[in-house]
Amino acid sequence: MSQSIDPIARLDGAVKRYGRLVALDGAELQLRRGELLALLGPNGAGKSTAISLLLGLIRAEAGSVELFGQDPQRIQARRRIGVMLQNAELPPTLRVGELLRLTASYYPAPRALAETAELAGIADLLKRPYAKLSGGQQRRVQFALALCGRPELLFLDEPTVGMDIEARQKLWAAIRQLIAEGCSVLLTTHYLEEAEALADRVCVMAHGRMIHEGTVEELRARVALKRIRCLSALPIDTVRSWPQVSEVRRENERLHISTAEAEAVVRRLLEADPQLAGLEVQRAGLAEAFTELTRDADEAADVDQREAA
Amino acid sequence: MQTAISITTSARAMDMLRRRVLGAYLEEARSECLRYMRAPGFMLPIMLFPAMFYLLFGVLMATSNGAEAARYLLASYGVFGVMSPGLFGFGVSLALERDGGLLTFKRALPMPPGAYLLGKMLMAMAAAGVVILLLLTMALTLGHVSLSLAQAGALLLAGMLGVLPFCALGMYVGTLIKGQGAPGMLQLIYLPMSFMSGLWFPLPMLPKFLQQIAPVWPSYHLDMLALAAVGMKQGPLLVHVLVLIGFAVSFLLLAARRLRRHG
């Protein structure tokens with residue numbers, strides 16, 4: 001019974017350095033059965049290192065890494081996963097059907113070739129040499145290779161890069177179908193709308209750590225805030241003391257205010273400062289929440305460094 | 001009863017899995033052969049380079065020295081020719097595939113690690129066979145060398161198995177250097193080693209010091225076997241075979257360790 005609750009992939013305090021660079025600094029991650037977890041973060045945040053650990057490509061220097069309760073370097077654990085990496089140059093002269101046949105041969109109970117091709121939308125490409133495909137078609141073939149082994153867990157690293165909107169939505173539909181069949185997915189992406197469209201949970205990384213983890217709704221709630229920007233001479237402390245204001249800062253002449261109740265704050269601003277100009281009110285999207293989260297982490301990291309120095 | 005059933009099912013599952021793993025080996029070897037046969041630009045120069053060398057130095061230049069010289073050179077250029085698909089076929093392709101991310105992808109997949117190596121090994125053995133057959137054809141027709149069928153067969157066997165220690169060496173170099181740097185590095189090993197083990201000029205023609213250190217090189221030992229195959233050497237061969245096996249195993253282990261740790 002406890003099996004269904006145990007995470008199927010787990011990082012626990014994982015540390016990995018490349019020379020002096022700390023790529024992962026005590027990363028925590030738990031992936032549960034049947035969910036799609038999106039791993040977000042700016043370049044260099046440690047997403048790729050986290051994935052590499054879970055795939056058994058590298059070893060952690062400290063902490064533990066588990067895939068289905070086993071060391072990911074054991075082939076028994078990896079027989080249950082499918083993988084789509086960001087850049088893998090597949091043999092250019094092999095035909096798509098041959099690539100599928102080869103990859104399926106690694107798995108104990110793979111899908112039939114036709115079923116895989118149908119799911120990934122590449123039934124018309126089977127006879128074509130890989131090198132003759134467009135970038136988007138190559139990504140679809142890589143997706144097919146990821147799902148051909150009937151995996152319980154799919155690793156998708158930036159799966160829709162280089163795809164047009166239609167191809168992207170087809171891929172999303174295929175991912176949803178796999179999840180409906182009980183497959184779990186660990187997705188890394190730069191496209192926040194992709195995480196928004198697919199993910200049950202999101203995990204935001206910065207500087208080798210997880211800085212936010214929760215459902216998409218929770219992340220969105222964090223960003224139910226609106227942004228007010230204006231030119232005003234009002235003292236920053238005055239604005240901060242207003243109950244509706246959750247954050248305020250000044251850049252040059254410009255005030256940046258975050259609030260859940262923009263109307264009330266704007267009314268007060270206009271009353272307090274008749275000279276106020278250049279008023280802008282904006283709704284923060286997932287992208288902004290994300291930038292804000294990672295900026296906070298950047299600032300914290302700066303402070304850490306200064307304290308260390 | 002219940003356990004008896006589950007044991008037989010799990011035994012059947014194991015058996016099934018074993019068959020699947022064997023299938024993975026075959027598929028990998030098949031794909032490896034297919035991809036290089038469809039892109040002859042990679043293997044062809046590797047096979048033709050030593051053949052051209054033999055044609056120039058072993059056949060055209062050596063006609064004045066008679067058929068015995070051509071026979072001697074058939075063995076040593078045969079070794080020179082076999083080293084090439086081992087070192088380059090294995091080393092360069094590994095270095096390129098590490099660079100392009102293909103090896104990373106395969107390592108992430110549940111590919112049996114031996115399958116990848118076996119595929120490349122079979123390819124190198126096939127290429128070595130082609131090289132020896134090319135040289136044999138030139139020696140028997142243009143070089144007027146006379147060989148018995150058994151001798152020709154022995155040389156072919158020595159070549160196809162003798163490629164393996166060089167595969168191991170090429171693989172190790174391929175794990176040290178990524179991408180485009182590998183061919184240059186392999187040339188730096190290939191050409192001096194061939195010269196110093198007496199493959200271009202017979203050892204007695206080389207400086208005394210080089211003669212003394214020749215047994216350090218695996219190519220020297222393979223040359224001894226090839227000379228014996230064409231009937232130009234008497235004496236025990238086992239020591240050469242053992243040295244080659246030891247060489248192959250050590251470099252294979254070194255390379256496997258590096259691949260496991262660094263990919």
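In this predicted model, helix H3 (residues 67-100) of chain B and helix H7 (residues 181-196) of chain B have axes that come within 10 Å and cross at roughly 160 degrees, where axes are lines fitted to C-alpha atoms over the stretch in contact and angles run from 0 to 180 degrees between N-to-C directions. Helices are DSSP runs (H or I, at least four residues) and strands likewise (E, at least two), numbered from the N terminus. The angle therefore makes H3(B) roughly antiparallel to H7(B), a term used for angles over 145 degrees. The residues that meet, with C-beta atoms placed from the backbone within 7 Å, are listed below.

| Helix | Residues in the contact |
|---|---|
| H3(B) | Phe80(B), Met83(B), Ser84(B), Leu87(B), Phe88(B), Gly91(B), Val92(B), Ala95(B) |
| H7(B) | Ala182(B), Pro183(B), Leu186(B), Ile189(B), Tyr190(B), Ser194(B) |

By class, the residues of this contact of H3(B) with H7(B) divide into eleven nonpolar, three polar and no charged; Ala, Val, Leu, Ile, Met, Phe, Trp, Tyr, Cys and Pro count as nonpolar, Asp, Glu, Lys and Arg as charged, and the others, Gly among them, as polar.

In chain A, the domain assignment, automatic or from a database, gives domain 1 (2-220) and domain 2 (224-308), whose centres, taken over C-alpha atoms, are separated by 37 Å. Twelve residues of domain 1 of chain A are in contact with ten residues of domain 2 of chain A. On the domain 1 side, helix H7 (192-198), strand S8 (201-206), strand S9 (209-215) and helix H8 (216-222) of chain A each supply at least two residues, and that side has seven nonpolar, three polar and two charged residues.

Residues are numbered from 1 along each chain as its sequence is written, and chains are lettered from A and ligands numbered from 1 in the order in which they are written. Because the model is predicted, local features need pLDDT of at least 70 and side-chain atom pairs count only at pLDDT 80 or more, whereas totals for chains, interfaces and linings use all residues.

How values were computed. Parallel < 35°, antiparallel > 145°, perpendicular 65-115°, else oblique. Contact = placed C-beta atoms within 7 Å.
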